[in-house]
Amino acid sequence: MLLRSCIAVVSAFALSAVAAQAETITIATVNNGDMIRMQKLTDDFTAKNPGIELEWVTLEENVLRQRVTTDIATKGGQYDVMTIGTYEVPIWGKQGWLVSLDDLGADYDIDDLLPAIRGGLTIDGSLYAAPFYGESSMVMYRTDLIEKAGLEMPDAPTWEFIADAARKMTDKDNEVYGICLRGKAGWGENMAFLTATSNSFGAKWFDMDWRPQFDQAPWKETLSFYIDLMNDAGPPGASSNGFNENLSLFQSGKCGMWIDATVAASFVTNPDDSSVADKVGFALAPDTGLGKRGNWLWAWSLAIPAGTQKAEAAKKFVAWATSKEYLALVASKEGWANVPPGTRTSLYENPEYAKVPFAKMTLDSINAADPTQPTVDPVPYVGVQFVAIPEFQGLGTAVGQQFSAALAGTVTVDQALQNAQQLTEREMRKGGYLK
Amino acid sequence: MAREASPSRKIVTTAVAWAIGLAIFFPVLWTILTSFKTEAEAIASPPSFLLFDWTLENYAEVQERSNYLRHFWNSVVISIGSTLLGLVVGVPAAWAMAFAPSKNTKGVLMWMLSTKMLPPVGVLVPIYLLFRDGGLLDTRIGLVMVLLLVNLPIIIWMLYTYFKEIPADILEAARMDGAMLRAEILYVLTPMALPGIASTMLLNVILAWNEAFWTLNLTAAKAAPLTAFIASYSSPEGLFYAKLSAASTMAIAPILVLGWFSQKQLVRGLTFGAVK
């Protein structure tokens, strides 16, 4: 009898210990402002979900990409939630590497997600990643300099206008350059900008038979336009400038215009960091009248790897971090300008948010991009500033090196395009796309 | 007889040496200075050298956001653990090669070195799978093992070079006096090779401390050392140079201090046998 009650007590104790033991989920994320803010606000989540503890792994974007790719491809199971982009989601979702997120709860309001963003994260009708913040690209310009040049920026400028304005705003003696654009080689660096730009010139990476298109006229037009413009009106050493370098140039008053991620709007208008905070205007990315603008579409999203043992807890976290309530939480603690942008329609219907100077232009830019029909002519791939195939990371960077070299002047435009065509053909043949 | 250098020549040599030293140290100095600037000052052009508002806010922020001590402790355990284990394996191996060489010794030495010629990423997936199946992912013991294997060729090569400098006759004399193998290695060889062993140890602690491929790829939250701590402050979209500099300074400070205090030993060990 005594033995039996002892066993009962011990097993009850053991059971309660198991129940009391919190489940820890590991979240891999990138180091940018919105993600860091989320880490600071997680007390709200743990208060609402007492059984779940959070462990963060923050890494630089490229390190994170390599790290989570290794883990998910080998089913290593190190992470329960991963921060990935619109490039990975279609590829990984098709491989069966991600858990479907169609059941994030009744109050999640999945239909509130912006259609352009949701489209990029959906495969065969199922959502495979929940958008944490979305971004496009747009023109950020100095209102004082454009006025001085005697011009007025339209809401939807053409490339011709931008080129003209850039040349007129340039004052090299005073270190003011009409336009700052990405030049640093990399598929997520200069190729994000140039691929999106090429869409507006009617170019494309591949035709419907997956034949590379760098030997066609629209690419030559795109690259010549970019290099001529940068030579006339760009800062020196532009072939090594990425987002951060241009941000620093713009904030210190050295750029007339900068075409880059919409997320930069909150940086350049922040008076603590930017010397031109009160002199910045926004416009849509330019076009050439062919029906596509030169803006991209990206969403940092939260996804759950198929190998996780803690899918339920992970889903609770994903639902919390991408919910309407989370946006309201950020607004109440840090103000509306710091709310992660570009994911929910309701945010843009909120009159408080409409007062943020770059809110409307961000939404218009996002809506102007369509990852499923990114180019003027039909293409066999998804993605505005990338091609959602596994080979693209290597390919995009190799082509980016050619274009960066052309900007630096070490190869001509024709040579760069010829090299790009050759290396892309070789890679596509190796990958079995071309017979 | 060596000619005494003239005073002017001495001044010139000293100046050149200082200039080279400063040039090499400058990036570290700049990182340390940037860590005390605000983010706006960190990117200011032209940059200010010393005349800026010194602030500790980056350190405060880094301290608030990350668990520095956990990363630091992981680094200590991984670097010292892998080095000590490396010596346990490396000393007998180097002894055998230096004092009891066979006809294959040269080949074995070369073969060991050849493992360093393969880029680590080439074996990432097999090692990752082994770690996954052995439950070693994100554990310190796993990292100790992998860094031990990575640095073992260097440990054996360095020790082998030092041991070669020790006259075999002394060991033979010890054997004549009845010393067994263990006593010979522990009481005769080791004390004589101590500077060499010390510098091997220091160099390997530094190498393991700075190793950033395996430590980043095989860890997640629990066993991540200071390399992962630095990587968490780098960002391609957003200017966090001052915070990154603060994190870097905190990560390199311990090893810098260790290097500072042991530099005499390190230099002595590294130049050991260079002049005959």
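What is the mean pLDDT of chain A, and what share of its residues reach 70 or more? I looked this up before anything else, since the model is predicted. The mean for chain A is 91, and 95% of its residues reach 70 or more. I then checked residues 15–19 of chain A, where the pLDDT is below 50. Beyond near neighbours in sequence, that stretch has zero contacts in the model. Where pLDDT is low, the predicted coordinates should not be read in detail. I leave residues 15–19 of chain A, with their pLDDT below 50, at that.

**Entry: domains of chain A**

I took the domain bounds from the assignment. Domain 1 of chain A covers 23–135 + 297–354, and domain 2 covers 137–296 + 377–430. Their C-alpha centres lie 28 Å apart. I asked how many residues of each domain are in contact with the other. Domain 1 gives eight residues and domain 2 gives 11. On the domain 1 side, α5 (88–95) and β10 (297–303) each give two or more residues. By class, that side has seven nonpolar residues, no polar ones and one charged.

**Entry: where chain A touches chain B**

The contact takes 28 residues from chain A and 27 from chain B. On the chain A side I listed the elements that give two or more residues. They are α2 (33–40), β2 (52–59), α4 (61–73) and α11 (243–251) of chain A. I sorted this side by class as well: nine nonpolar, 13 polar and six charged residues.

**Entry: helix α4 of chain A**

I picked α4(A) from that list. It has 13 residues and reaches 18 Å from its first C-alpha to its last, close to the 18 Å expected at 1.5 Å a residue. Which residues of α4(A) are buried? They are Leu64(A), Arg65(A), Arg67(A), Val68(A), Asp71(A) and Ile72(A). I noted that Arg65(A), Arg67(A) and Asp71(A), charged by class, are among these buried residues. Next I looked at what they pack against. From chain A come β1 (23–30), β2, β3 (81–84) and α5. From chain B comes α11 (214–217). Just after the helix, Lys75(A) takes a positive phi of about 55 degrees.

**Entry: helix α19 of chain A**

I moved on to α19(A), residues 413–430. It has 18 residues and reaches 26 Å from first C-alpha to last, close to the 26 Å expected at 1.5 Å a residue. Its buried residues are Val413(A), Ala416(A), Leu417(A), Ala420(A) and Thr424(A). The face turned away from the buried side carries the exposed residues Asp414(A), Arg429(A) and Lys430(A). The cover over the buried residues includes α10 (217–233) and α18 (392–408) of chain A. Gly432(A) follows the helix, with a positive phi near 85 degrees.

**Entry: chain B overall**

I counted 14 helices and zero strands in chain B. Along its principal axes, the C-alpha trace spans about 70 × 65 × 30 Å. Of its 276 residues, 34% count as buried. I also looked at contacts in chain B with a separation of 6 or more. Residues 24 or more positions apart account for 80% of those.

**Entry: two aspartates with positive phi**

Asp109(A) has a positive phi of about 55 degrees although it is not a glycine. I found Asp109(A) in the loop between α5 and α6 (115–120) of chain A. Is Asp109(A) buried or partly exposed? With 14 other C-beta atoms within 10 Å, it is partly exposed.

In chain B I noted Asp138(B), also not a glycine, with a positive phi of about 60 degrees. Asp138(B) sits in the loop between α6 (124–133) and α7 (140–165) of chain B. It has 19 other C-beta atoms within 10 Å. A residue needs 20 or more to count as buried, so Asp138(B) is partly exposed.

**Entry: Met208 of chain A**

Last, I checked Met208(A), in the loop between α9 (190–200) and α10 of chain A. It has 11 C-beta neighbours inside 10 Å and so counts as exposed. What does Met208(A) touch, not counting residues up to four places away in sequence? It touches Pro378(A) and Pro380(A). Met208(A) and Pro378(A) are 170 residues apart in sequence. In space they are 7.1 Å apart, C-alpha to C-alpha.

Conventions:
Residues are numbered from 1 along each chain as its sequence is written. Chains are lettered from A and ligands numbered from 1 in the order in which they are written. This is a predicted model: local features need pLDDT of at least 70, side-chain atom pairs count only at pLDDT 80 or more; totals for chains, interfaces and linings use all residues. pLDDT is the predictor's confidence in each residue, from 0 to 100. Two residues are in contact if their C-beta atoms, placed from the backbone, lie within 7 Å. Helices (H or I, at least four residues) and strands (E, at least two) are DSSP runs, numbered from the N terminus. The expected span of a helix is 1.5 Å times one less than its number of residues. A residue is buried if 20 or more other C-beta atoms lie within 10 Å of its own, exposed if 12 or fewer, and partly exposed in between; C-beta atoms are placed from the backbone. Domain bounds come from an automatic or database domain assignment.
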